[in-house]
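Below is a brief report on one protein chain. Please view the sequence and the model alongside the text.

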Amino acid sequence: MNWKKLLTAGLIGTVALATAACGGGGDSSNDKKGATNTVMLYSSMQEDQLNAIKKAFEKKYPDIKLDYYFAGTGKVITKIATEAKSGQVAADVIWVGDPADYIGFKSMNILEKYTSPEAKDIDKIFIDPDGYYTGARMMNMGIAYNPNTVSAAEAPKTWNDLLDPKWKGQIVMTDPGTAGTTKYAVGALMENEKYGKAYFEKLKANGAELQSGTTATHNQIAAGAYKVGMCLDYVTENLKSKGSKIEFVYPSEDIISISSPIAIVKGAKNEANAKKLYDFILSKEGQEVLVQNNMLSVRKDVKQKNISMDDIAKRAMKIDLKKLADSAKAMLGDFDKIFKNK
């Protein structure tokens with residue numbers, strides 16, 4: 001697997017500069033005041049994957065209970081920000097979709113530096129150069145379609161194919177204000193000179209509609225309410241594996257590949273357990289659980305499903321993570337003006 005191609009493709013943007021510089025050490029005791037035999041995870045990941053991780057982690061550590069708060073990225077971030085203002089985020093570990101959000105978490109001073117022993121098997125491009133977070137799963141934004149109404153031959157193969165008048169009124173996507181992965185994808189397209197705001201103006205003119213959640217977007221296509229949409233590979237595969245009528249297309253160019261990081265919360269009540277969960281998620285065992293549940297691994301020694309990382313690298317859009325983070329608020333404002341007349 002040629003991981004240098006991933007760096008060249010700019011999948012992770014400025015997070016790809018260097019390996020974690022320092023860490024939280026290998027303390028295995030859980031002696032913080034108020035510590036419990038639990039670990040709390042805040043995540044926007046699909047519950048099927050969360051439950052798979054929970055089951056595997058608790059099997060490995062039967063004395064630790066993994067609890068989680070699950071919601072769309074927008075709600076998770078609001079909860080984190082509200083709790084931070086009160087003095088302490090209740091989560092021990094954070095795992096949301098958009099890597100650009102972690103730049104904001106760092107600026108809020110709510111993350112703890114930690115270098116996992118599993119980092120030796122993960123390429124530097126997935127590791128925050130300051131040591132605050134590590135990409136823990138790969139997912140890709142592409143195009144999904146309903147095979148009952150759209151053949152594989154006629155399905156859109158590029159982002160611009162969605163602008164074809166034949167899809168007018170038949171396109172659905174998730175509101176980027178509620179889903180971090182869509183926020184990342186919309187920001188990437190808006191910041192790219194090939195697309196920009198004009199692309200979304202054309203998409204809206206072609207009748208694209210919004211859903212408030214990622215799962216809802218995919219379900220609408222599977223139910224036949226829309227023919228095509230801007231979707232995630234692993235959510236599509238989840239539904240497909242359960243018998244839903246939905247297929248996924250990796251765009252022939254400008255795949256939007258997203259590394260979803262994990263981070264330990266500064267002052268976490270269950271810090272030792274948080275490190276165990278962090279390490280488990282990044283371990284070969286944990287990453288294989290994700291691959292078995294339709295995701296791509298960040299490890300070099302885990303076999304992938306459906307598409308190779310080299311193939312993704314060849315077609316990936318170059319994305320500047322810092323620029324994406326800095327422009328996120330303006331991007332959401334521009335998007336709302338186009339789709340919501342705000």
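## Salt bridges within helices

Lys275 and Glu271 sit four residues apart in helix 9, so about one helical turn separates them. Their side chains meet in a salt bridge, with 3.2 Å from N to O. Lys275 and Glu271 are both buried. The model is a predicted one.

Glu58 forms a salt bridge with Lys54, and the closest N and O atoms are 2.8 Å apart. These two residues are four apart in helix 2, so they are separated by about one helical turn.

## Salt bridges beyond a single helix

The salt bridge count comes to 22. One of these bridges joins Lys194 to Glu253, with 3.7 Å between the closest N and O atoms. This pair links distant parts of the chain, 59 residues apart. Lys194 lies in the loop between helix 5 (180-191) and helix 6 (196-205). Glu253 lies in the loop between strand 9 and strand 10. Lys194 is partly exposed, with a relative accessible area of 46%. Glu253 is also partly exposed, at 35% relative accessibility.

Some salt bridges share partners. Glu118, Lys120, Asp121, Arg299 and Asp301 are joined into one network in this way.

## Helix 2 against helix 9

How do these two helices pack? Two packed helices are described by the angle between their axes and the distance between the axes. Helix 2 (residues 47-60) packs with helix 9 (residues 271-282) at an angle of about 115°. Their axes are 11 Å apart. The crossing of helix 2 past helix 9 is right-handed.

Helix 2 contributes Ile53, Ala56, Phe57 and Lys60 to the contact. Helix 9 contributes Asn273, Lys276, Leu277, Phe280 and Ile281. By class, the contact has six nonpolar, two charged and one polar residue.

## Helix 10 and its neighbours

Helix 10 spans residues 284-292. Its buried residues are Gly286, Gln287, Val289, Leu290 and Val291. They pack against helix 2 and helix 9, and also against strand 3 (93-95) and strand 5 (134-145). Just after helix 10, Asn294 takes a positive phi of about 75°.

## Nonpolar cores

In soluble globular proteins, nonpolar side chains tend to be buried together. Here, the largest nonpolar core has 94 residues. Those with the most contacts inside this core are Ile94, Trp159, Leu189, Phe200, Leu203 and Ile256. A second, separate core has eight residues, including Val172, Ile221, Ala222 and Tyr226.

Which residues does Trp159 touch, not counting residues up to four places away in sequence? Its partners include Met141, Gly142 and Ile143. Leu189, Tyr195, Tyr199 and Met230 are also among them.

Is Asp254 buried or exposed? Asp254 is buried because its relative accessible area is 10%, and the cut-off is under 20%.

Asn109 is not a glycine either, yet its phi is positive at about 60°. Asn109 lies in the loop between helix 4 (101-107) and strand 4 (111-112). Its relative accessibility is 46%, so Asn109 counts as partly exposed.

Lys269 lies in the loop between strand 10 and helix 9. Lys269 counts as partly exposed, at 43% relative accessibility. Lys269 and Val89 are 180 residues apart in sequence. In space they are 9.5 Å apart, C-alpha to C-alpha.

The protein has twelve helices and ten strands. Of its 342 residues, 55% count as buried. Among contacts between residues at least 6 apart in sequence, 79% join residues at least 24 apart.

Terms used:
Residues numbered from 1 in each chain as written. Predicted model: local features only at pLDDT ≥ 70, side-chain atom pairs only at ≥ 80, totals over all residues. Heavy atoms only, no water. Axes fitted to C-alpha atoms, helices over the stretch in contact; angles between N-to-C directions. Left-handed = near helix turned anticlockwise from the far one by under 90°. Contact = heavy atoms within 4.5 Å. Nonpolar A, V, L, I, M, F, W, Y, C, P; charged D, E, K, R; others polar. Core = buried A, V, L, I, M, F, W, Y, C linked by side-chain atoms within 4.5 Å. Buried < 20%, exposed > 50% of the residue type's maximum accessible area, 1.4 Å probe, protein only. Salt bridge = Lys/Arg side-chain N within 4 Å of Asp/Glu carboxyl O.
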